[in-house]
Amino acid sequence: MAIQCNFVPYFTCRPTSKEIPLSSFSSFAPFPATQKALFYVHSTKLKFSSAPRLPTVISALVSDKKAEKSNYSGTDMFRLTYLEGNSWLWEVGGLKLLVDPILVGNLDFGIPWLYDAAKKVLKNFQLDDLPVIDCLLITQSLDDHCHLKTLKPLSKKFPNLRVIATPNAKTLLDPLFSNVIYLEPGQDSGIEVSNGLQVNIKATAGPVLGPPWQRPENGYLVTSPKGALTLYYEPHCVYNKTFLEKYKADIVITPVIKQLLPNFTLVSGQEDAVQLAKLLSARFVVPMKNGDLDSKGFLASIVESEGTMESFKELLSKELPDAKVLEPVPGEPLDISIAVQGQ
């Protein structure tokens, strides 16, 4: 399904246009003779104070074809903390990645009379609340992803911070950061974590922001150090089917509720998100609500939502019934881990 959309100042996005079974959630059974992978899903509150963290644990036993090709024993895990909007804090292999952060001021694209948005839940979350960050990941060059009011003080707080970004953001990032890797779709970069293991980050093709001949912005495939888990992220549900069809992702982070202007789609979702999950053979879909902000201004008054979380779940259950939807709560870390036992 092809979608074209325009946004201020000039926004064009156009997406072009399987399965590892997951058993129903249950208690664990002992490993059989062949390799099995244990998936754990934990949700805990972000530690804003000294209050104890009380995890809620969901678990599932699945057969992992990727694990069957290896002989290692151990655990790979993604810890995902949603910071509202397009912002995330991820931890994988001990590596902390800050994604598209908006942590200083509102989101207004420099034209607050037209659009001005604030977070609903994490109103008081600031840069000083962040842990030490190992890598900044930027998907797009517009303010809702490359937020200069946040990035300027972030560059002072972490002057040697590694940055991985779309080349479209080069003019914005080069004056702020000295350690930037720009990835075109198809290129990747490895970050060593321990014992020679690496977290691999591969850029994928996202939306086109500007004329049709401009390079697309980025999505990313992030693979855990032991290669047992892969996460896919693109914050507008805009993807190139031909590019992605050769990849798989255990975890897909995507918007599922569409954000529409008259005659334009700003953010896709619903059936497009379902087809994305199916294309990547997702085991878990982590839906983001990047339109769920306290917004004002003329543009905010004419943006409409299409679809609901429940309608997405219904569509997904028909196309990919074994996939599980894990709804993130802003500020609460969500752990998805896989324990693999070799033969």
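In what order do the three strands of the open sheet stand, and in which sense do they pair? The order is 16-15-19, and the pairing is antiparallel.

## Before we start

This is a predicted model, where local features need pLDDT of at least 70 and side-chain atom pairs count only at pLDDT 80 or more, while totals for chains, interfaces and linings use all residues. Residues are numbered from 1 along each chain as its sequence is written, and side-chain values use heavy atoms, with hydrogens and water left out.

Helices (H or I, at least four residues) and strands (E, at least two) are DSSP runs, numbered from the N terminus. Two strands pair if DSSP finds at least two bridges between them. Buried means under 20% relative accessible area, exposed over 50%, and partly exposed in between (1.4 Å probe, protein chains only).

## The open sheet

Back to our three strands, in the order 16-15-19. Strand 16 (264–267) and strand 19 (304–306) are at the edges with a single partner strand each, so one side of each has no neighbour in the sheet. Neighbouring strands here are turned by 40° against each other on average, direction ignored; axes are lines fitted to C-alpha atoms, for helices over the stretch in contact, and angles run from 0 to 180 degrees between N-to-C directions.

Strand 15 (residues 258–261) pairs with strand 16 over three bridges, in the antiparallel sense. Look for Leu261, which stands opposite Phe264 in strand 16.

Strand 5 (residues 95–99) pairs with strand 7 in the parallel sense over three bridges, and Val99 stands opposite Leu137. Strand 7 also pairs with strand 8 (residues 162–165), again in the parallel sense, over four bridges. There, Cys135 stands opposite Arg162. From strand 7 the chain crosses through helix 2 (residues 148–157) to strand 8, making a right-handed β-α-β crossover. Right-handed means that, with the strands pointing away from the viewer, the path from the first strand over the helix to the second runs clockwise.

## Two hairpins

Strand 5 has four of its five residues buried. Strand 4 (residues 88–92) pairs with strand 5 in the antiparallel sense over five bridges, and the two form a hairpin with two residues between them. Gly93 in that turn has a positive phi of about 60°.

Strand 12 (residues 218–223) has five of its six residues buried. Its antiparallel pairing with strand 13 (residues 230–233) runs over four bridges, with Tyr220 opposite Tyr233. The hairpin of strand 12 and strand 13 has six residues between the strands, and Gly227 takes a positive phi near 75°. Strand 11 (residues 197–205) also pairs with strand 12, in the antiparallel sense over six bridges.

## The two sides of helix 7

Which residues of helix 7 (residues 309–319) are buried? They include Met309, Phe312 and Leu316. These residues cover an arc of only 60° around the axis, which puts them on the same side of helix 7; the arc is that of the directions from the helix axis to the C-beta atoms. An α-helix has 3.6 residues a turn, so residues three or four places apart point the same way.

The face turned away from the buried side of helix 7 carries the exposed residues Glu310 and Lys318. Among the elements covering the buried residues of helix 7 are helix 5 (271–279), strand 17 (284–288) and strand 20 (324–325), where contact means heavy atoms within 4.5 Å.
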